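Take a look at the structure below. A short walk through a few of its features follows.

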Amino acid sequence: MPASRGRGGRPGRPLSNPSSLAGKGKEGASRERPKRSNARPAGTVAEVFRVFLRLGLTSFGGPVAHLGYYRAELVERRKWLDEHSYADIVALCQFLPGPASTQVSMSIGILRAGLPGALAAWLGFTLPSAIAMILFGYGVTRFGDLSGAAWLHGLKIVAVAVVAQAVWGMARSLCPDKERASVAVGAAILPLAVPSAAGQVGAIAAGGLIGWGLLANRAPVPPGSPIAVHLPRFWSIAAAILFFALLIGLPLLAAALPVQPLKLFDSFYRSGALVFGGGHVVLPLLQAEVVPPGWVSNDAFLAGYGAAQAVPGPLFTFAAYLGTVMGPPTNGWAGGLLCLVAIFLPSFLLLIGALPFWDALRRRPAVQSALRGVNAAVVGLLLAALYRPVWTSAIFGPADFALGIVAFLLLALWAVPPWLVVIFGAIAATLVAAIIR
């Protein structure tokens with residue numbers, strides 16, 4: 001029976017069992033891995049959609065917190081993949097332009113249910129926030145400025161606990177010795193000193209170089225499950241070609257045929273294809289695309305940005321709001337969907353083009369050595385993000401710190417589901433604000 005399927009063929013089990021290769025040596029491992037990577041998907045599209053829809057409804061706190069929610073739900077609770085495979089996917093998505101947390105969700109969807117699983121993961125994770133942003137664009141401004149809402153502050157505090165738990169759990173398995181712990185600390189310092197996408201990518205690149213040069217002779221880290229990519233190689237090559245064809249061809253086509261829908265698609269596609277560093281980094285790019293031409297007023301842009309902080313899921317769904325409030329047609333819900341698809345399409349194409357080759361590449365001994373350093377660097381990046389922006393935007397006093405450590409206790413020791421902790425954080429922060437007043 002294939003190792004990627006549970007006993008009796010039931011879904012919901014890990015993709016594979018690393019211990020099944022024990023005692024077979026390098027040759028036995030190399031013979032079995034390719035077979036398992038071509039096995040049937042371990043789950044169903046409906047299962048992937050259901051799980052990521054719940055994550056899309058409860059994952060507050062931005063892309064770093066999303067990675068913590070994913071790890072708690074998919075690595076620890078559901079065992080869809082192991083810690084090392086998860087860290088490898090996070091490292092790959094950090095290198096690619098686009099929303100890293102959404103790309104991680106699509107990667108896990110591919111591993112679980114093939115290409116339809118990627119679509120299901122994206123749809124489930126983005127649907128709640130996309131609907132909320134489109135509704136806000138239609139005039140849900142009567143709620144006023146949400147930035148000072150006590151319940152929203154409570155969600156930010158819970159995000160601190162989620163990220164802290166992710167850092168602690170990943171550090172124990174990916175930084176078990178002083179060398180890799182040192183790499184993690186260095187990777188945390190660099191993005192704090194250089195607070196830009198260059199600092200993040202530089203930290204990962206430096207971790208890979210250190211791992212390749214200094215960690216090659218160490219005892220090998222357990223490789224975990226192969227990344228079972230259920231995609232034909234032809235699709236990957238076609239996706240990579242289409243990514244660059246659209247990136248180069250859309251501006252030329254929009255100049256030759258100056259129709260508004262094509263201009264919109266070009267602007268939002270380029271914004272999604274050329275941004276490193278996640279949702280917050282894409283906001284100034286979008287502002288430069290939509291405000292100077294007069295498509296969206298600066299006040300409307302800032303109002304939508306404030307609303308985007310109050311919804312779960314990826315910040316890239318801000319594009320749905322912009323398409324909705326657009327002055328010239330296409331606008332409304334059709335414009336929102338057009339901009340939403342355009343800004344996420346580069347992530348789909350890049351991921352489909354890179355993921356199958358990434359699995360083969362990461363099995364090479366030199367790459368495995370580099371990945372030891374890269375995975376340690378990923379822990380360091382999460383540690384840096386735990387301080388800024390997660391901690392600095394949420395913990396302002398003793399009451400906030402108290403709520404944060406209670407949320408961490410519930411997550412780490414009592415194993416309370418994250419969505420329940422989210423509800424607790426919102427209610428507790430509201431009660432504390434009422435008492436302090």
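How many disulfides does the structure hold? The count is zero. A disulfide is a covalent bond between the sulfur atoms of two cysteines. Keep in mind that this is a predicted model.

Are they buried or exposed? Cys175 has 12% relative accessibility, and it counts as buried because the cut-off is under 20%. Cys339 has a relative accessible area of 1%, so it is buried too.

Next comes Leu340. This residue is found in helix α14, which spans residues 332-361. Its relative accessibility is 6%, so Leu340 counts as buried. What does Leu340 touch, leaving aside residues up to four places away in sequence? Its contacts are Trp122, Ala130, Phe316, Thr317, Ala319 and Ala320. Leu340 and Thr126 are 214 residues apart along the chain, yet their C-alpha atoms are separated by 9.5 Å.

Now turn to a pair of helices. Two packed helices are described by the angle between their axes and the distance between the axes. Here the pair is helix α2, residues 45-58, and helix α5, residues 100-137. Their axes come within 7 Å. They cross at roughly 40°. That angle makes α2 oblique to α5. The crossing of α2 past α5 is right-handed. Which classes of residue make up the contact of α2 with α5? There are 15 nonpolar residues, five polar ones and two charged ones.

Technical notes
Residues are numbered from 1 along each chain as its sequence is written. This is a predicted model: local features need pLDDT of at least 70, side-chain atom pairs count only at pLDDT 80 or more; totals for chains, interfaces and linings use all residues. Side-chain values use heavy atoms; hydrogens and water are left out. Axes are lines fitted to C-alpha atoms, for helices over the stretch in contact, and angles run from 0 to 180 degrees between N-to-C directions. Helices (H or I, at least four residues) and strands (E, at least two) are DSSP runs, numbered from the N terminus. Angles under 35 degrees count as roughly parallel, over 145 as roughly antiparallel, 65 to 115 as roughly perpendicular and the rest as oblique. A crossing is left-handed if the near helix is turned anticlockwise from the far one by less than a right angle, and right-handed if clockwise. Ala, Val, Leu, Ile, Met, Phe, Trp, Tyr, Cys and Pro count as nonpolar, Asp, Glu, Lys and Arg as charged, and the others, Gly among them, as polar. A disulfide is a pair of cysteine sulfur atoms within 2.5 Å. Buried means under 20% relative accessible area, exposed over 50%, partly exposed in between (1.4 Å probe, protein chains only). Contact means heavy atoms within 4.5 Å.
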